[in-house]
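Here is a short briefing on one predicted model.

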Amino acid sequence: MNPSRENNRFWTKQVAACRDAGTRKQFPNEHFVRFMRKEVGPIAGKNVLDFGFFTGAELLFLASEGAQCHGLDVSIEAVEYADSILREAGYKADLQVAAGHWPDLGRNRFHLVYALESAHYLGSWESLANFIDYAHGLLVPGGHFLCSMPTQRHFFHNVSDDLGENIRAFNASYPLRQGVSFLLLKDEPHVRNVFFRFPKISVGYYEYCMKPEEISSFWFISCRKED
């Protein structure tokens, strides 16, 4: 795992700001919940792994559904803050920092691995390919890997500069994330080419709008490991 230092610093600051203000994401992503129920089904008793959990809203939801929750994040602040939120609600999860390497979590262990609006910040296509291989190895036969990444309709495209090979970096027009880089999947063939490690892939998308001029548009990739 090798996201840029700028990306790591950004997310550390974001989580720290939420922690210091006592704020957090209140609800799980509704699109994730819908896709998860459709593709994975009942989750009680199953091992799940969240990559890039931020303040842990999806982990909290899955814990309430009876899942055995695990998580990886680049920020120790995210680990500590999400852990405190889960414990306050009466749940626990195995949360770890993953910065510079992928920890050994065993093989054929998880029923669900997901990266919700986080994998595109890995910084390079090589890092993403390594993550996909890592997720594949973690899954039980027939397990699911769910991932969402931005489409070209996402407003990120308009506030960033092209670094080549569908890698972009936020520019001064979006000062909150200036200098942070991300990966952009241009079309469905590109999606399928990137996620070729999985023989069974379905591709959808979802959008939401925080402001009229800011459309957040994401591919939603559902992969199933071979039985």
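Contact means heavy atoms within 4.5 Å. Helices (H or I, at least four residues) and strands (E, at least two) are DSSP runs, numbered from the N terminus. Buried means under 20% relative accessible area, exposed over 50% and partly exposed in between (1.4 Å probe, protein chains only). The model is predicted: local features need pLDDT of at least 70, side-chain atom pairs count only at pLDDT 80 or more, and totals for chains, interfaces and linings use all residues. Residues are numbered from 1 along each chain as its sequence is written, and side-chain values use heavy atoms, with hydrogens and water left out.

**Helix α3**
- Helix α3 spans residues 57-64, and seven of its eight residues are buried, so it is largely enclosed by the rest of the structure.
- Those buried residues are Ala57, Glu58, Leu59, Leu60, Phe61, Leu62 and Ala63.
- They pack against helices α2 (30-39) and α4 (76-88).
- They also pack against strands β1 (47-51), β2 (68-73), β3 (94-97) and β4 (110-116).
- Glycine 66 follows α3, with a positive phi near 95°.

**Cysteines**
- A disulfide is a pair of cysteine sulfur atoms within 2.5 Å.
- The count is zero disulfides.
- For cysteine 69, the nearest cysteine sulfur is that of cysteine 147, 18 Å away.
- Cysteine 69 is buried, at 5% relative accessibility.
- For cysteine 147, the nearest cysteine sulfur is that of cysteine 223, 7.6 Å away.
- Cysteine 147 is buried, at 1% relative accessibility.

**Aspartate 20**
- Aspartate 20 lies in helix α1 (residues 5-21).
- Aspartate 20 is exposed, with a relative accessible area of 62%.
- Aspartate 20 and alanine 44 are 24 residues apart in sequence and 33 Å apart in space, C-alpha to C-alpha.
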